[in-house]
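Let's take a walk through this one together, starting with charges and ending with rings. Have the sequence and the 3D view open as you read.

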Amino acid sequence: MHLAARLKKRSPYGATLAEAVRENLADTARELDEAVRDVRGYEYAVINDHALFPFKYADRPRPLDRARLASNASPTRRRMLLGHGPQPQGGLFPLDDDLTTEEYEELHETFEALGASTELVCLFFTADPENGIHVIHWGDAHLEPDRTFTWLYSEQLPVATQLPE
């Protein structure tokens, strides 16, 4: 679709692909009689209290440790990663409630639509319009303050080959 429209910018491809992946996961969850939850107009598959969170982190093949959340990422995306993603494995010191800001607390709030105990399973991938999906990883990713990710667990998944039309 992106190539057929002769678009020069890749951003429409990324947004369309992200929505297609999210919708496909939700449809598959329904077929399996699993939950689908709406978070601010976007449906997420929830299987055994784990919300599937797809994220395209690059337009070309890149190592997973180079994944970074865009600086203009939505507050919803940040809140999902911080509120439902894994917590860091200990810091330099505990953060007392009186040292946190209201903005920090809001970012770490969970979405009631997902359920407070629901955890994210991140599905990170790279893709481009010409070659499709290059690589897919899944696991537990903690969003760091510099918008990078610390992976507590990750595994690369095989990519299905596209059949000629």
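How many salt bridges does a search of the whole structure find? The answer is 4. Keep in mind that this is a predicted model, so the distances and angles here are computed from predicted coordinates.

**Charged pairs**

| Salt bridge | N to O distance |
|---|---|
| Arg-22 and Glu-19 | 2.8 Å |
| Arg-30 and Glu-43 | 2.6 Å |
| Lys-56 and Asp-59 | 2.3 Å |

Take Arg-22 and Glu-19 to begin with. Both sit in helix 1, which covers residues 11-31, and because they are 3 residues apart there, about one helical turn separates them. How much of each is accessible? Arg-22 has a relative accessible area of 6%, so it counts as buried. Glu-19, at 23%, counts as partly exposed. The cut-off for buried is under 20%, and that is why Glu-19 at 23% is not put in the buried class.

Arg-30 and Glu-43 make another salt bridge, with 2.6 Å between the closest N and O atoms. Arg-30 belongs to helix 1 while Glu-43 is in strand 2 (residues 42-47), so this pair ties together parts that lie 13 residues apart in sequence. Buried or exposed? Neither end is fully one or the other: Arg-30 is partly exposed at 38%, and Glu-43 is partly exposed at 30%.

Lys-56 has a relative accessible area of 18%, which means it falls under the 20% cut-off and counts as buried. Asp-59 is partly exposed, with a value of 31%.

**The nonpolar core**

Which residues touch the most other members of the largest nonpolar core? That core has 25 residues, and the ones in question are Phe-53, Tyr-57, Met-80, Leu-81, Phe-124 and Phe-149. Strand 3 gives the largest share, with 5 residues.

Setting aside its neighbours within four places in sequence, Phe-149 is in contact with several residues, among them Phe-55, Ala-67, Leu-69, Leu-81 and Phe-124. Its contacts also include Arg-68, His-142 and Glu-144.

**How the strands pair**

Strand 4 and strand 5 pair in the antiparallel sense over 7 bridges, and the hairpin they form has 3 residues between them. Along this pairing, Phe-124 stands opposite His-137 in strand 5.

Strand 5 also pairs with strand 6, again in the antiparallel sense, over 8 bridges. Here Gly-139 has Ser-154 in strand 6 as its bridge partner. Their hairpin has 5 residues between the strands, and in it Arg-147 takes a positive phi near 75°.

**Rings**

How many aromatic pairs turn up in a search of the whole structure? There are 7. In one of them, the ring centres of Phe-55 and Phe-149 are 6.2 Å apart with the planes at 55°, so the pair is tilted. Phe-55 lies in strand 3 and Phe-149 in strand 6, so this pair ties together parts 94 residues apart in sequence. Both Phe-55 and Phe-149 are buried.

Tyr-57 and Phe-124 form an aromatic pair that is tilted too, at 6.2 Å centre to centre and 40° between the planes. This pair links distant parts of the chain, with Tyr-57 in strand 3 and Phe-124 in strand 4, 67 residues apart. Tyr-57 is buried at 8% relative accessible area, and Phe-124 is buried at 0%.

Where do these pairs lead? Ring pairs link Phe-55, Tyr-57, Phe-124, Phe-149 and Trp-151 into a cluster. Tyr-57, Phe-124 and Phe-149 are also among the core residues that touch the most other members.

Conventions. Residues numbered from 1 in each chain as written. Predicted model: local features only at pLDDT ≥ 70, side-chain atom pairs only at ≥ 80, totals over all residues. Heavy atoms only, no water. Salt bridge = Lys/Arg side-chain N within 4 Å of Asp/Glu carboxyl O. Helix = DSSP H or I, 4+ residues; strand = E, 2+ residues; numbered from the N terminus. Buried < 20%, exposed > 50% of the residue type's maximum accessible area, 1.4 Å probe, protein only. Core = buried A, V, L, I, M, F, W, Y, C linked by side-chain atoms within 4.5 Å. Contact = heavy atoms within 4.5 Å. Pairing = 2+ DSSP bridges. Phe/Tyr/Trp six-rings, centres within 6.5 Å; stacked < 30°, edge-to-face > 60°.
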